[in-house]
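Please open the model in your viewer and keep the selection tool at hand. The tour goes from one selection to the next and says what is found at each stop.

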Amino acid sequence: LSGDRVVFGAKVVAEDDDGNRMQCRILSDIEADGRSVISCTSPVGRALIGRCVGDTCVVRLPSGEKEYEILSVTFKE
């Protein structure tokens, strides 16, 4: 896999409005740990899938909405 689009298996670095960076890999529900590996069916995973580097996405969380800008997408281990 390659490119700048977030897909299953991608490692993503994203930044929220407050400047906090999130680095995670998007995998299945079984592989997810909720921190560095998130589920593709979680609110964050669903918001990121299909987006490209430079895109922003809004994640709807129980605590409210949070906006992230995608900084990088990689596929290396």
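Which residues touch the most other members of the largest nonpolar core? Select Val6, Val12, Met22 and Leu48, which hold that place among the 17 residues of the core. A nonpolar core here is a set of buried Ala, Val, Leu, Ile, Met, Phe, Trp, Tyr and Cys residues joined through side-chain atoms within 4.5 Å, where buried means under 20% relative accessible area, exposed over 50% and partly exposed in between, with a 1.4 Å probe and protein chains only. Next, colour β1 (11-16), β2 (21-27), α1 (43-48), β4 (56-61) and β5 (64-74), the elements that give two or more residues to this core; helices (H or I, at least four residues) and strands (E, at least two) are DSSP runs, numbered from the N terminus.

Before going on, note that this is a predicted model, in which local features need pLDDT of at least 70 and side-chain atom pairs count only at pLDDT 80 or more, while totals for chains, interfaces and linings use all residues. Residues are numbered from 1 along each chain as its sequence is written, and side-chain values use heavy atoms, with hydrogens and water left out.

Stay with Val6 and show its surroundings: leaving aside residues up to four places away in sequence, Val6 touches Val12, Ile26, Leu48, Ile49, Gly50, Arg51, Ile70 and Val73, contact meaning heavy atoms within 4.5 Å.

**The sheet**

Now select the strands, which form an open sheet of five in the order β3-β2-β1-β5-β4, with mixed pairing. Because β3 (37-39) and β4 stand at the edges with a single partner strand each, one side of each is left without a neighbour in the sheet. Two strands count as paired if DSSP finds at least two bridges between them.

Arg25, found in strand β2, has Val37 in β3 as its bridge partner. Is Arg25 buried or exposed? With 11% relative accessibility, Arg25 counts as buried, and a polar atom of its side chain lies 3.1 Å from the backbone oxygen of Gly9.

Then move to β4 and β5, which pair in the antiparallel sense over six bridges and are joined by a hairpin through two residues. Within this pair, Thr56 stands opposite Glu69 in β5.

**The salt bridges**

How many salt bridges does a search of the whole structure find? The search finds three, a salt bridge being a side-chain nitrogen of Lys or Arg within 4 Å of a carboxyl oxygen of Asp or Glu.

Select Lys66 and Asp16, whose closest N and O atoms are 3.4 Å apart. Lys66 lies in strand β5 and Asp16 in strand β1, so this pair ties together parts that are 50 residues apart in sequence. Lys66 counts as partly exposed at 30% relative accessibility, whereas Asp16 counts as buried at 7%.

Next select Arg21 and Glu15, a salt bridge with the closest N and O atoms 3.3 Å apart; Arg21 is exposed, with a relative accessible area of 62%, while Glu15, at 24%, counts as partly exposed.

End the tour at Arg60 and Glu65, which form a salt bridge whose closest N and O atoms are 3.3 Å apart. Arg60 counts as exposed at 60% relative accessibility, and Glu65 counts as exposed at 55%.

Note on methods: A polar contact is a pair of N or O atoms within 3.5 Å; within protein, one must be able to donate a hydrogen and the other to accept it, and residues adjacent in sequence count only if both atoms are side-chain atoms.
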